[in-house]
Amino acid sequence: MSENKTIRLGIIGLGAQGGMYAKFIADGMVPSMGIGSIADTDPARRAFAAETYPGIPVFETHEEMLASGTVDAVVTCVPHYLHPQMGIDAINAGVNVMVEKPAGVYTGQVNELLEVAAANPQVAFAIMFNQRNNPLYQRLKEIVENGEIGAIRRSNWIITTWWRPQGYYNQSEWRATWGGEGGGVLVNQAPHQLDLWQWICGVPKSVYAKVSYGFRRDIAVEDEVTAVADFGDGVTGTFITATHDLTGTDRFEILGDQGKIVVEDSKTATVTRLKKPERELSDSMGMEDVFKLFTGSLNPEDYYEKETIEFPSEWGTQHAGVLENFAQHILNGTELLAPGADGINGVRLANAIHLSSWTGSEVGLDFDEDQFLAELNSRIVTEGKFDARV
């Protein structure tokens, strides 16, 4: 560790994401971090790194970086398939690691990463789920866990604010391909919501999905998803996402048996708390009360209270906050906002959604990983751009 108690972060991949993190650190937005070194396989990006961050070591490969002694931790800003192996390499080298989302493309490779991490608990392992640093979602998680809206009965998330024009997909050969990216909106744009949904509402037992591939864009992977999840005990949830809705909707609802949460645009939440559990209110009302309710002489608002919750959240502060939390975890043992082991949940749910759409059946979250990989490989082979995965 560096003597001034600042974590030297190695940035693997100086593209859009890695470049953003480098700027946050250089601008002082992550007080406990400095840029230790940068690695990128692209000569142009290495030249850019050397010019933009003079004096910072620049390497061609992450292996060279890990062996250099210039870093205390690394972050993997590379294509999705590479996250698990780079995470494994870092842990085996004794270097703390934060993997970018998603943790990987399929559960088999993520489980390998988790096994290595579990065998090396002395190495910090985190994932960049920056939305967990959103104070709004942190407060909503507290409300749910405290039982303030009772037991969850249903949750719904419509997140179609991921509009991407065709030019976005045309920018690189690996973008929106099975072999290069491993999927579309589920593995690129929506992992944050898949994580938050399960972080707040719990992990479902099974899912049934209708997914459209290349629906409104000239791509092989999914750009439209509707999934129905079964959480057990009659609790259900729906997840809808797309990349072709220009005006987009971001609405998250959680219905409990003693209240409700409605989140709009990930900025404002309306929390309704019933004065009594809903079934108790229902059972206490006779036909006279029903008549009064229908004729407007009985005010439903007498039975609940509403609260509006808003938090200011400037762009960049969430990512920077997760990086600072990672640094403080390494330096002082601060609890991680996003432990790396949590990364499996979103990957598993995305895999189950894909597999359900491919087989036309409801799929348990304990699905056959080999079956999923075989289905994925068949699409990579048909695509003809990349080699099938092992």
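Tutor: E142 is partly exposed, at 41% relative accessibility. That class lies between buried (under 20% relative accessible area) and exposed (over 50%), computed with a 1.4 Å probe on protein chains only. The model is predicted: local features need pLDDT of at least 70, side-chain atom pairs count only at pLDDT 80 or more, and totals for chains, interfaces and linings use all residues. Residues are numbered from 1 along each chain as its sequence is written, and side-chain values use heavy atoms, without hydrogens or water.

E142 forms a salt bridge with R139, at 3.3 Å from N to O. The term requires a side-chain nitrogen of Lys or Arg within 4 Å of a carboxyl oxygen of Asp or Glu. R139 is partly exposed too, with a relative accessible area of 23%. Both residues sit in helix 6 (residues 135–145), three residues apart, about one turn of the helix. Helices here are DSSP runs of H or I with at least four residues, strands are runs of E with at least two, and both are numbered from the N terminus.

Helix 6 also holds K141 and E145, four residues apart, again about one turn. Their closest N and O atoms are 2.8 Å apart, in a salt bridge. K141 counts as buried, at 15% relative accessibility, whereas E145 is exposed, at 55%. The spacing has a simple background. An α-helix has 3.6 residues a turn, so residues three or four places apart point the same way.

Now widen the view. The whole structure has 13 salt bridges. One of them joins K23 and D27 at 2.6 Å, N to O. K23 is partly exposed at 49%, and D27 is partly exposed at 46%. Elsewhere, R132, D195 and D342 are linked in a salt-bridge network.

E224 makes a contrast. This residue of strand 9 (residues 222–232) is buried yet has no salt bridge. The nearest side chain of opposite charge, R216, is 8.1 Å away; Lys and Arg count as positive, Asp and Glu as negative, and His and the chain ends are not counted. The side chain of E224 does reach that of H244, in a polar contact of 2.6 Å. Such a contact is a pair of N or O atoms within 3.5 Å; within protein, one must be able to donate a hydrogen and the other to accept it, and residues adjacent in sequence count only if both atoms are side-chain atoms. Beyond its neighbours within four places in sequence, E224 is in contact (heavy atoms within 4.5 Å) with residues including K210, F215 and T241.

Last, the backbone. D265 and S266 lie in the loop between strand 12 and strand 13. D265 has a positive phi of about 60° although it is not a glycine; S266, also not a glycine, has a positive phi of about 55°. D265 is partly exposed at 45%, while S266 is buried at 16%. Another loop, between strand 5 and helix 5, contains P102. The peptide bond from K101 to P102 is cis, with omega near -10°.
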